[in-house]
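Morning, everyone. I have one structure to walk through today. Please bring it up on your screens.

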Amino acid sequence: MPTLKSGGLLARRYRLIDNIGAGGMSVIWRARDEVLDRVVAVKVLAPSLAADAKFRDMVREEARSAAQLVHPHVTAVHDYGEQVAPDGAVTAFVVMELLSGDELDSRLSEGPLPWQEAVEICAQVAEALAAAHRLGIVHRDVTPANIMMTATGAKVLDFGIATHVGAPDEDEEGDTFGTPAYVAPERLDGIPAQPATDTYSLGVLLFETLTGHPPYPADTWEELTVALEDEEIPRLLVPGLPPAVADICFRCLSRNPRDRPTARQVGEVLRDQLLPSDPQAATMLSPTVTLPTVIAQPKPAAPEPSPAPVPGPRSRRTRIIVAVAASAVALAAAVLLGLNLGRPESAPRTMTATDPPMGTDAATTMPSVPSPTTPAATAPAPVAPPQRDTPPPSPTAAARPTVREAVRTVDQLITDGLNEGAIRRDAGQDLRNLVKNLEARLVSGPTDLTGPVGDLRRKVAQRALEGSIDDEYADLLDAALERLSTAV
């Protein structure tokens, strides 16, 4: 292989900038793609590997497969290339996304992570591995050194030289390769690559992020063999750690591959531990705290004015609560709009001291703002906004829904999708975080929702592409978000 140096041009396309890493199998260069004018990472295979035509063919095929693996927590593979020198030496390389951040290995050198952070990182890694396994790709070297911490979360590296399920799990000399402490026991016996071997490594990763060290420390294959002969299960003592996390970790470390969960199951369990006990509580923005401070604006003296003021500040803000009580939508809407269900439709909508509004906070706050046209003796009368004579409109009655109604529809679709298994839990939490961000913008009043709604639609499309949202629900969510973008 010709000597590579800064400024050199590889395959008449990739201008080498500097060497940013090296290992036993490759050297990594920062380079500029002069065709697409972007900075990339170029992994150049070691000369001994590049000289083997069969190995080059395997790497090319795996890079081709990895290029199809589009996932937010997987490093993107852009290209594979070969350059032949005049003496016949071959330089083989894989071109990948250049990441900015720190390796997880560097973070762990400072000690274990808080359990919430460790669970979040390993959930992201599990989701990346699950996406790879669906395509029949096994990573085989899941270690902290192959996890990059970026501004957008964890990124799994080195999928460009992974292998297919069922492929021989050995290097060109018939030896096992990888980092001993993270290698599954069956790999020592030469069993073909399988997703369960990645799950074992994921369990080691989870254990180390929680404790600061792997469960079976080993620097050589001999040390690993000795460590695995010890039947004692390592202890996982982390204050506040949910039992489900410890349980899934030890299941991943099972000696028998058949006893291990799938990467997808690991991701779902870990995600569950990051969710509140009541899934719908994730959509709450503490409205019961802010609601009493929102005063209905006083209206001119008129017992029954036009219902046009319905979207006023109080009614628009309080409708958030309806999304948290899907099983009692009609009742909640009636309470929030101030309807007295015990009165006939023609009954006056004024309230007295003996007939307080629902909720103690509202009863004590609202009378403090008397109507300018009401005598002091009847000051409590403004508690009931005059527009309450109009029953709450059904979502289908109006041609264009209000923003609150449209947000409520999106949230209910997410809830239904989670209950029916059409939306994976991690995807549902991801979408709900964006919905919460959107609702937070509404607290301060009308705002431009173009950006947040666009983010939600892109997220739905991305999650559908990776298979974590059913296509039918993705279409329903996209249609609901389109209605939200035109809501009043």
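Start with a term: two strands count as a pair if DSSP finds at least two bridges between them. Keep in mind that this is a predicted model. Now look at β5 and β6. They run antiparallel, and 7 bridges join them. β6 covers residues 90-97.

Strands in a sheet pair through backbone hydrogen bonds, either parallel or antiparallel. Here we have an open sheet of 6 strands, with antiparallel pairing. Read across, the order is β1-β2-β3-β4-β6-β5. Which strands sit at the edges? They are β1, residues 9-10, and β5, residues 77-84. Each of these pairs on one side only. Helix α2, residues 53-67, packs on the sheet. α2 touches β4, β5 and β6, and its direction makes about 160° with that of β5.

Stay with β4, residues 38-45. K43 lies in this strand. An unreviewed UniProt entry annotates K43 as "binding site". Is K43 buried or exposed? Its relative accessibility is 4%. The cut-off for buried is under 20%, so K43 counts as buried.

Last stop: two helices. α15 spans residues 450-465, and α16 spans residues 471-485. Their axes come within 10 Å and cross at roughly 170°. That makes α15 roughly antiparallel to α16. Who meets whom? On the α15 side, V453, L456 and R457 are among the residues in contact, and on the α16 side, they include A474, L477 and L481. By class, the contact has 8 nonpolar, 1 polar and 4 charged residues.

Key. Residues numbered from 1 in each chain as written. Predicted model: local features only at pLDDT ≥ 70, side-chain atom pairs only at ≥ 80, totals over all residues. Heavy atoms only, no water. Axes fitted to C-alpha atoms, helices over the stretch in contact; angles between N-to-C directions. Helix = DSSP H or I, 4+ residues; strand = E, 2+ residues; numbered from the N terminus. Parallel < 35°, antiparallel > 145°, perpendicular 65-115°, else oblique. Contact = heavy atoms within 4.5 Å. Nonpolar A, V, L, I, M, F, W, Y, C, P; charged D, E, K, R; others polar. UniProt positions renumbered as here; feature names shortened; annotations may be inferred. Buried < 20%, exposed > 50% of the residue type's maximum accessible area, 1.4 Å probe, protein only.
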